[in-house]
Amino acid sequence: MSPCLSNPVGHTLREDDCMDSIWKDGGGDGKSRDLPFAIPEISLPGIPEYSVNVTDFGAVGDGITLNTNAFAQAVEACARAGGGTVVIPEGVWLTGPIVLRSKIRLHAESGALISFSRSYEDYPLVLTNYEGNAAVRCQSPISGENLEDIAITGEGIFDGSGEVWRPVKRSKMTESAWKGLLASGGALEAGGAIWWPTEAAARGAELVSALRRKGSMDPADYEPVREYLRPNLLSLRNCRRVLLEGVTFQNSPAWCLHPWNCEEVTVRRVKVRNPWYAQNGDGLDLESCRKVQVLDSTFDVGDDAICMKSGKNEQGRRLGLPCEDIEIRGCTVYHGHGGFVVGSEMSGGVRRIAVSDCTFIGTDVGLRFKSTRGRGGVVEQIYIDRIRMKDIVKEAISFNLFYEGRPDDEAPRPVSEETPQFRDIRIRDTVCIGAMDALVLRGLPEMPIESVAFERLVLEAVHGIRLANGRNLAFYDCTVQARRGPAVAVHQCEEVRIDPLRNFCGDAAALQVSGERSRDIGFRGDPAMLSIGGDVRDGAVIDLDARE
């Protein structure tokens with residue numbers, strides 16, 4: 001089989017995949033879409049033909065009978081036979097956690113609703129990862145570790161019963177909904193702004209913080225606050241050749257889908273649903289994963305939808321497991337804090353990510369890149385193409401390296417291994433109709449966001465483009481329609497090219513430049529539409545037409 005894309009690291013894509021590869025010839029402008037890297041070939045899991053039905057082991061789909069043992073026996077029977085498919089037929093199947101084995105497929109048929117137990121005692125405390133660091137948490141409803149060749153397929157629904165685990169912020173509720181929560185029981189955190197389903201959960205943060213300060217990773221120490229340690233719905237650790245296809249994952253206690261340090265993962269035609277107010281209700285968090293395809297899937301969640309992560313701070317840097325070689329194509333996000341997201345836990349690095357042909361409707365942010373001082377790590381070679389966005393609540397495109405800091409802190413700090421770096425990112429042929437901000441890029445003064453190119457963007461928003469602490473930024477053939485100008489505001493940036501800019505901001509400036517560190521700002525457009533601050537050095541702004 002011949003390679004279809006040039007690739008400096010020696011991998012090749014499969015020839016059939018190249019027929020619709022996102023940067024193959026035949027893009028919207030007729031130009032080549034070749035990437036500077038190729039996504040390596042991704043193998044699907046090899047599952048033997050053998051199969052069993054959970055009813056063969058006494059499972060009853062009445063929504064009342066607890067089927068934990070029957071499901072476990074079905075998985076074990078397949079494993080003893082060398083692998084196979086565990087069929088879950090139509091019905092409502094109440095169960096505790098399902099632990100996968102190698103060469104096992106869970107197949108939930110149409111009409112199958114797998115409802116995970118609402119009893120905390122059914123979820124043992126285990127060592128795992130949570131929000132970028134090693135942690136003690138309750139066992140996930142679906143989990144697998146150190147496995148090969150696993151799949152979850154079908155048209156059924158896996159429901160994590162997240163309502164018995166999740167906190168709810170008062171700010172996200174109507175008055176009547178908040179009163180209903182209080183009347184249902186549970187407890188409030190100190191201050192009364194957050195409701196928890198139980199008193200133990202409400203006071204859990206304080207005890208967990210104390211145990212972490214002591215360095216305890218003994219699950220027995222965490223027993224008093226088991227109800228606080230809500231799990232992710234699906235946790236896969238150190239697994240290889242994984243397929244998630246067709247099914248719906250919903251109502252997760254915390255994150256929904258969390259592959260950690262997995263390789264050759266395929267997610268296609270999956271639906272991920274969480275209430276919009278679900279705290280930490282992420283859709284898909286690929287953490288330190290390699291060789292992944294996410295295709296034609298739908299997300300409607302309470303936090304970030306499709307997110308790239310690689311560990312947090314010193315632990316993430318020490319592990320050094322990047323998230324890399326990932327293709328995301330044809331996905332739709334209806335709600336989420338971000339549609340496609342990198343960070344903020346990215347200390348092990350994120351690289352070689354290709355995103356295309358996705359639609360985000362009503363997300364808080366569309367394309368979201370976030371980190372902060374202390375993370376370290378390098379994010380690079382991110383290529384995004386043909387994104388469609390509508391009714392974005394905040395920024396259509398956001399780069400924020402002050403995710404946990406003050407964005408007005410312009411004093412540079414010493415560069416160290418704790419300094420995050422974002423570079424070599426390209427976004428093109430992307431449209432957003434309706435946002436608060438068209439694009440906000442906010443780098444660190446000691447480490448500007450570097451080498452980012454925007455091509456053929458059409459952005460309609462209340463505010464235009466705002467750039468701060470960037471270097472080598474290029475805008476080619478972009479259109480900004482902002483109700484409040486300027487179209488582009490540049491602050492403390494170097495080597496910026498705007499060539500040309502179609503500006504629909506009325507009488508407001510097309511380009512506003514400020515900051516004594518701003519230099520080499522090239523602009524092709526009407527010189528009368530420039531606004532240059534008094535702190536800008538002479539010659540910092542270049543008329544590209546005059547130069548030619």
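Is Thr-479 buried or exposed? In this predicted model, Thr-479 has 12% relative accessibility, so it counts as buried. The cut-off for that label is under 20%. Thr-479 belongs to strand S36, which covers residues 470-491. Leaving aside residues up to four places away in sequence, its contacts are Leu-457, Val-458, Leu-459, Arg-502 and Phe-504.

Next, the aromatic rings. Rings pair when their centres lie within 6.5 Å. By this rule the structure holds 11 aromatic pairs. One of them joins Phe-158 and Phe-249.

Trp-196 sits in strand S15 (residues 194-196), and Tyr-228 sits in the loop between helix H4 (204-213) and strand S16 (234-237), so the pair ties together parts that lie 32 residues apart in sequence. Trp-196 is buried, as is Tyr-228.

Aromatic residues also group beyond pairs. Phe-340, Phe-369, Phe-399, Phe-454 and Phe-475 make up one aromatic cluster.

The charged end of Arg-137 lies over the ring of Tyr-130, 3.8 Å from the ring centre. Arg-237 does likewise with Trp-260: its charged end sits over that ring, 4.6 Å from the centre.

What about the cysteines? A search of the whole structure turns up zero disulfides. A disulfide would need two cysteine sulfur atoms within 2.5 Å. Take Cys-78. Its closest cysteine sulfur is in Cys-239, 17 Å away, which is too far for a bond. Cys-78 has 0% relative accessibility and therefore counts as buried. Now take Cys-138. The closest cysteine sulfur to its own is in Cys-256, again at 17 Å, and that is too far for a bond. Cys-138 has 2% relative accessibility, so it is buried too.

Methods
Residues are numbered from 1 along each chain as its sequence is written. This is a predicted model: local features need pLDDT of at least 70, side-chain atom pairs count only at pLDDT 80 or more; totals for chains, interfaces and linings use all residues. Side-chain values use heavy atoms; hydrogens and water are left out. Helices (H or I, at least four residues) and strands (E, at least two) are DSSP runs, numbered from the N terminus. Buried means under 20% relative accessible area, exposed over 50%, partly exposed in between (1.4 Å probe, protein chains only). Contact means heavy atoms within 4.5 Å. Rings of Phe, Tyr and Trp (its six-membered ring) pair if their centres lie within 6.5 Å; planes under 30 degrees apart count as stacked, over 60 as edge-to-face and the rest as tilted. A charge sits over a ring if NZ of Lys or CZ of Arg is within 6 Å of the ring centre and within 35 degrees of the ring normal.
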